[in-house]
Amino acid sequence: MRFAEHGYQIAPDALDLLESYPGPRDDLIRRLLSTLDDSIAVVRAEDVLALDPPAERPRQAPEGRLGPGLASPVRLHDPPPRSAPAADPDISSVEVVCDITGRSTCVGEYEDFIRYFRDRYGKIREMLSRRLNSRPIESLSKSASGREVSLIGMVMEVRTTAKGNRVIELEDPTGMVTAIVQKESPCFDQSQGIVTDEVIGVTGMYDGSGRIFVKSLLWPDLPNQSQPLAGGAGGALLTSDIHVGSKYFMSDAWDRFLSWVNGESEDPSGLASRVKYLVIAGDLVDGIGIYPGQEGDLSIKDIYDQYEEAARCLNGIRPGITVVISPGNHDIVRQAEPQPALPEEIQKMFSGDKVFVGSPAWLSLGGVSLLVYHGRSIDDLVLRVPGLSYGEPEKAMMEMLRRRHLCPIYGNRVSIAPEQEDHYVIQRTPAVLHCGHVHTIGIARYKGVAVVNSGTWQSQTDFQKKMNIQPTPAIVPHIDLATMKIRKLLFA
Ligand SMILES: [Fe+2]
Ligand SMILES: [Fe+2]
């Protein structure tokens with residue numbers, strides 16, 4: 001049995017699931033093994049389901065109750081896959097595995113928020129509980145005084161005391177506790193990156209009266225995996241923040257890009273002819289009324305005219321390339337996230353193989369999984385987590401992966417609508433995490449995941465000049481989907 005060879009046992013229900021799998025089982029087992037790490041001894045049914053979720057299955061009410069009395073089951077509903085209209089599915093098939101488009105249910109009532117946070121807590125707790133034998137907060141009593149305990153909690157507040165210790169108020173569905181990281185503690189440095197609303201594990205000594213002195217901290221993180229997750233064919237170009245309609249949009253550079261991708265200019269590497277996908281992570285147009293005084297920065301002042309021009313820019317791409325368009329905060333969709341796909345009236349302006357998705361969205365590019373998200377949460381992460389900057393957005397994106405959440409901090413610059421489930425939890429390991437928004441190229445490999453921030457097509461604006469922000473425009477990352485090798489193509 002392949003699991004035993006790799007040092008794992010397999011639970012009977014997981015075995016049943018594997019045996020009932022209709023597709024190629026070898027492939028499933030290979031993918032499953034690639035997601036497991038050394039800390040897991042027994043492969044459970046959840047591990048199999050996480051790889052290959054059925055279209056819809058009833059889910060038990062989360063054990064978590066971050067708020068009172070909401071026991072109704074929550075639907076875990078992936079939409080039926082929407083595929084690009086490709087003549088030959090092997091040539092460039094894009095499958096939309098999951099996004100919010102047409103499925104927003106939130107009203108924004110108190111109960112929605114409770115459900116949203118419970119969903120976040122429950123999903124991340126499940127990941128952490130594989131590595132941490134934790135107990136509910138309510139089980140801490142006087143008798144546990146002086147004993148070492150482990151908990152999984154959502155961070156309600158984090159602050160530093162006058163003496164320089166870090167105090168973290170943690171909540172789980174059963175209660176609250178104060179975790180104290182003393183400045184002499186070996187995990188004190190790690191604790192500097194803790195942000196509100198993320199879910200972490202702590203282990204420490206309980207004092208018998210609501211306080212834990214922390215010895216170690218645990219983040220959900222991705223399984224250890226050094227090899228890139230490969231298995232596709234052809235190439236994918238990743239881009240974002242085109243900002244058509246802005247007077248800073250670099251149309252000449254775009255035309256050079258178009259002529260390269262269409263095979264009309266020199267291509268010594270032969271990459272252009274192998275491109276199958278172009279994924280756009282938001283801010284297709286500059287929009288209107290996004291910030292005070294924007295009119296002065298616009299070359300096209302009507303948003304529909306901006307999209308007409310954007311369609312002209314993208315409709316010129318040769319057949320054989322599927323273009324996936326995900327929105328950003330400058331686009332004509334709701335600002336509250338998750339954002340749905342561009343509306344029908346805009347979609348109609350585009351021709352050829354175009355797939356419109358929300359943000360965030362899970363895609364499969366001929367079998368290679370890609371998680372695309374515009375990346376507005378990078379603003380909040382850069383502000384709160386020491387060591388992060390706009391110049392290196394890939395580091396903020398690695399923090400998303402480590403926290404298994406695209407937007408760990410709730411309610412700062414990003415307005416998240418409290419949907420029934422938290423679409424920002426990174427439940428599976430994507431082969432590619434693709435963001436934009438910050439207008440700076442950033443590329444890294446984190447535990448096998450290709451982490452790409454795809455820059456912009458907008459040159460430095462007056463505002464950016466004043467703020468000393470240096471965009472890196474007209475650079476397009478290219479991923480070879482067979483080897484997952486990433487190259488930067490320059491069109492400036
Ligand atoms: Fe942008
Ligand atoms: Fe943006």
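Me: In which helix is Val382 found?
Reply: This is a predicted model. Val382 is found in helix H11.

Me: Is Val382 buried or exposed?
Reply: Buried means under 20% relative accessible area. Val382 has 16% relative accessibility, so Val382 counts as buried.

Me: Which residues does Val382 touch, not counting those up to four places away in sequence?
Reply: Contact means heavy atoms within 4.5 Å. With residues up to four places away left out, Val382 touches Leu388, Ser389 and Tyr390.

Me: Which residue coordinates both iron ions?
Reply: Ligand 1 is held by Asp241 (OD), His243 (NE2), Asp283 (OD) and His439 (NE2), at 2.0 to 2.2 Å. Ligand 2 lies 3.4 Å from ligand 1. The residue coordinating both is Asp283.

Me: Is Asp241 buried or exposed?
Reply: The cut-off for buried is under 20% relative accessible area. Asp241 has 0% relative accessibility, so Asp241 counts as buried.

Me: How many residues in the lining of the second largest pocket are charged?
Reply: The second largest pocket has 22 lining residues, with His330, His437, Phe463, Gln464 and Ile469 nearest its centre. Of the lining, 8 are nonpolar and 8 polar. The charged residues number 6.

Key: Residues numbered from 1 in each chain as written. Chains lettered and ligands numbered in written order. Predicted model: local features only at pLDDT ≥ 70, side-chain atom pairs only at ≥ 80, totals over all residues. Heavy atoms only, no water. 1 Å grid on protein atoms, 1.4 Å probe; cavity = no way out; pocket = protein on both sides within 12 Å on 5 of 7 lines; lining within 4 Å. Nonpolar A, V, L, I, M, F, W, Y, C, P; charged D, E, K, R; others polar. Helix = DSSP H or I, 4+ residues; strand = E, 2+ residues; numbered from the N terminus. Buried < 20%, exposed > 50% of the residue type's maximum accessible area, 1.4 Å probe, protein only. Donors = N, O, S within 2.8 Å, 3.2 Å for Na, K, Ca; no water.
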